[in-house]
Amino acid sequence: MAKMKTHYVCQSCGTHSAKWLGRCPGCGEWSTLVEEAAEDTGAARGGAARAIPSAVISLDAPVDEASPLRRLATGISELDRTLGGGLVADSFVLLGGDPGVGKSTLLLQMARGLKEKNPGLKILYVSGEESTDQIRGRAHRLGVQGGNSVFLAAETRLEKALAAVEELKPAVLIMDSLQTFSSDNLESAPGSVSQVREVAMKLMSIAKTQGIAVWLVGHVTKDGNIAGPKAVEHMVDTVLYFESEVGQSYRLLRTVKNRFGSTRELGVFEMQGEGLVEVSNPSSLFLSERREAVPGVAVGSSLEGSRPLLVELQALVATSGLAVPRRTSVGMDSVRISLLAAIIERHLRLPLAQQDLFFNVAGGLRLSEPACDLAAAAAIWSSATERALPSDCVFIGEVGLTGELRRVAQLEVRIAEAAKLGFKKIILPQGAAFSKKDSQMEFVTISKIHELREIFK
Ligand code: TYD
Ligand code: MG
């Protein structure tokens, strides 16, 4: 028998090394290299080669117009949207999130929706975490039974799970979760990088060769990566993260990667007694329930994928006792906030250099759109001057270094969202194209940020 060769694999990023190293050359982490059987890579590489279908086509071959991406409606519109318009029939999707956030619940509810929307569709749910009795109990509570189309298996051995797939031939396979499955080909423990990679390789292969939509659940490690980390993300077609804020019942489903749609989509759910409920009007979630106008608050508009969200931005400017005043931001890039503070200092002639600045996006949302600049700047200015801005006003626009306002994309949908939620006034950049028809809204256009002073005297 050939002598078993070993090598070292970083448990954080998957980098290989022939000898042990204290520090991973790939990711720079310390003490992450672990010895593993060298056969592992052979198997993994073999898997990679097999996973790519061998059929080769000419680029000039006629395109089969009748077979565009086949998508399945999941019966959950928040999920359909985050997937880019339904579940692609032979796609491989990774659903990441903290333990307990509701991944299993979401996928069980998806199973219900899928079978209701697509009668006769077979769905196999393989759990490596719970017994069939446990899953069945939960599935019954969520109303998944009926139609004889959802099947359960409690299994941690990958080969046995795949044998069940072979026999049942489901259209959708749910594997819950990545870290609990292990292949008999490898000796390393479930959850190690080589196991995780082997499991994902095999699943990718069956998604692509058998046309099965495969969902893989992945728990997130404390540093925020889906464990088994980068090694899996590049293999899958779509990466979704399911997130929650501490103490909040709502859940955000974010698209991080998607070969079949936009990556800026956001699905919003609420965890209730009877499972996850879609939130049809998420703006109301992110606008805190305030009645009267208070200094330091402004409402902005952020486009999350195709959907506009109104968000409340909060700033607190206070005299600093420190040599270097603090600039703290939650929910928006702190460099951007410092930049806006500098612009306000210059163009609204406010001395902020000796002031601490704390900034927060209400509701735990993270904003990356420059369209929120004006609202952020207005909140900071409002706090610094202790001047409350009217609570029925929305601020939309990007702010440049010279204090000029810039136009933003999709103004019409943002205005429509503001109108829907009863806002009466919109401050927006001059020259922005929009129609005023059917609107009770008052529009105030400005070209420079210092004009805020004249508007809110
Ligand atoms: P779960 O889907 O098991 O999370 P994950 O698979 O991401 O680990 O959800 C677990 C939590 O959801 C659990 O704390 C209980 C809660 N929950 C409800 O509040 N209502 C429900 O109807 C269900 C099924 C779960
Ligand atoms: Mg679970």
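Reply: Let's begin with Phe-242 and Phe-269, both of which are buried. Here buried means under 20% relative accessible area, exposed means over 50%, and partly exposed is in between, with a 1.4 Å probe and the protein chains only. Before going on, please note that this is a predicted model, where local features need pLDDT of at least 70, side-chain atom pairs count only at pLDDT 80 or more, and totals for chains, interfaces and linings use all residues. Residues are numbered from 1 along each chain as its sequence is written, chains are lettered from A and ligands numbered from 1 in the order in which they are written, and side-chain values use heavy atoms, leaving out hydrogens and water.

Back to the rings. A search of the whole structure finds 3 aromatic pairs. Rings of Phe, Tyr and Trp (its six-membered ring) pair if their centres lie within 6.5 Å; planes under 30 degrees apart count as stacked, over 60 as edge-to-face and the rest as tilted. Phe-242 and Phe-269 make an edge-to-face pair, with 5.9 Å from centre to centre and 80 degrees between the planes. Phe-242 sits in strand 11 (residues 238–244) and Phe-269 in strand 13 (residues 266–272), so their pairing ties together parts that are 27 residues apart in sequence. Helices (H or I, at least four residues) and strands (E, at least two) are DSSP runs, numbered from the N terminus.

Another pair joins Phe-395 and Phe-456: the ring centres are 5.8 Å apart and the planes meet at 45 degrees, so this pair is tilted. Phe-395 belongs to strand 19 (residues 393–395), while Phe-456 is in the segment after helix 12 (452–455), so the pair links parts 61 residues apart in sequence. Phe-395 and Phe-456 are both buried.

Now to the ligand. Ligand 1 has 14 residues around it, and Gly-100, Lys-103, Ser-104, Thr-105 and Arg-138 come nearest. A residue counts as near a molecule if one of its heavy atoms lies within 4 Å of it. A polar backbone atom of Gly-100 is 2.7 Å from an oxygen atom of ligand 1. For Gln-272, a backbone N or O atom is 2.9 Å from a nitrogen atom of the ligand. Gly-273 has a backbone N or O atom 3.0 Å from an oxygen atom of ligand 1.

Across the whole structure, the search finds 2 cavities of 30 Å³ or more. A cavity is a set of points, on a 1 Å grid over the protein atoms alone, where a 1.4 Å probe fits but cannot get out, and lining residues have an atom within 4 Å of a point. Grid points are joined across faces, edges and corners, and the volume is the space filled by probe spheres set on the points. The second largest cavity has a volume of about 30 Å³, and its lining includes Arg-71, Leu-83, Ser-91 and Phe-260. That lining divides into 5 nonpolar, 3 polar and 1 charged residues. In this grouping, Ala, Val, Leu, Ile, Met, Phe, Trp, Tyr, Cys and Pro are nonpolar, Asp, Glu, Lys and Arg are charged, and the others, Gly among them, are polar.

Ser-91 also leads us to Met-204: they are 113 residues apart in sequence, yet 8.4 Å apart from C-alpha to C-alpha. Met-204 is in helix 6 and is buried, at 15% relative accessible area.

Finally, some backbone details. Most residues other than glycine have a negative phi, and most peptide bonds are trans. The peptide bond from Asp-176 to Ser-177, however, is cis, with omega near 5 degrees. Ser-177 is in the loop between strand 9 (172–176) and helix 6 (193–210). Leu-178 is in the loop between strand 9 and helix 6 too, and is buried at 0% relative accessible area. Asn-148 is not a glycine, but its phi is positive, at about 45 degrees. Asn-148 counts as exposed, at 65% relative accessibility. Glu-386 also has a positive phi, near 55 degrees, and is exposed at 66%.

Note on methods:
On a 1 Å grid over the protein atoms alone, a cavity is a set of points where a 1.4 Å probe fits but cannot get out, and a pocket is an open set with protein on both sides within 12 Å along at least five of seven lines; lining residues have an atom within 4 Å of a point. A polar contact is a pair of N or O atoms within 3.5 Å; within protein, one must be able to donate a hydrogen and the other to accept it, and residues adjacent in sequence count only if both atoms are side-chain atoms.
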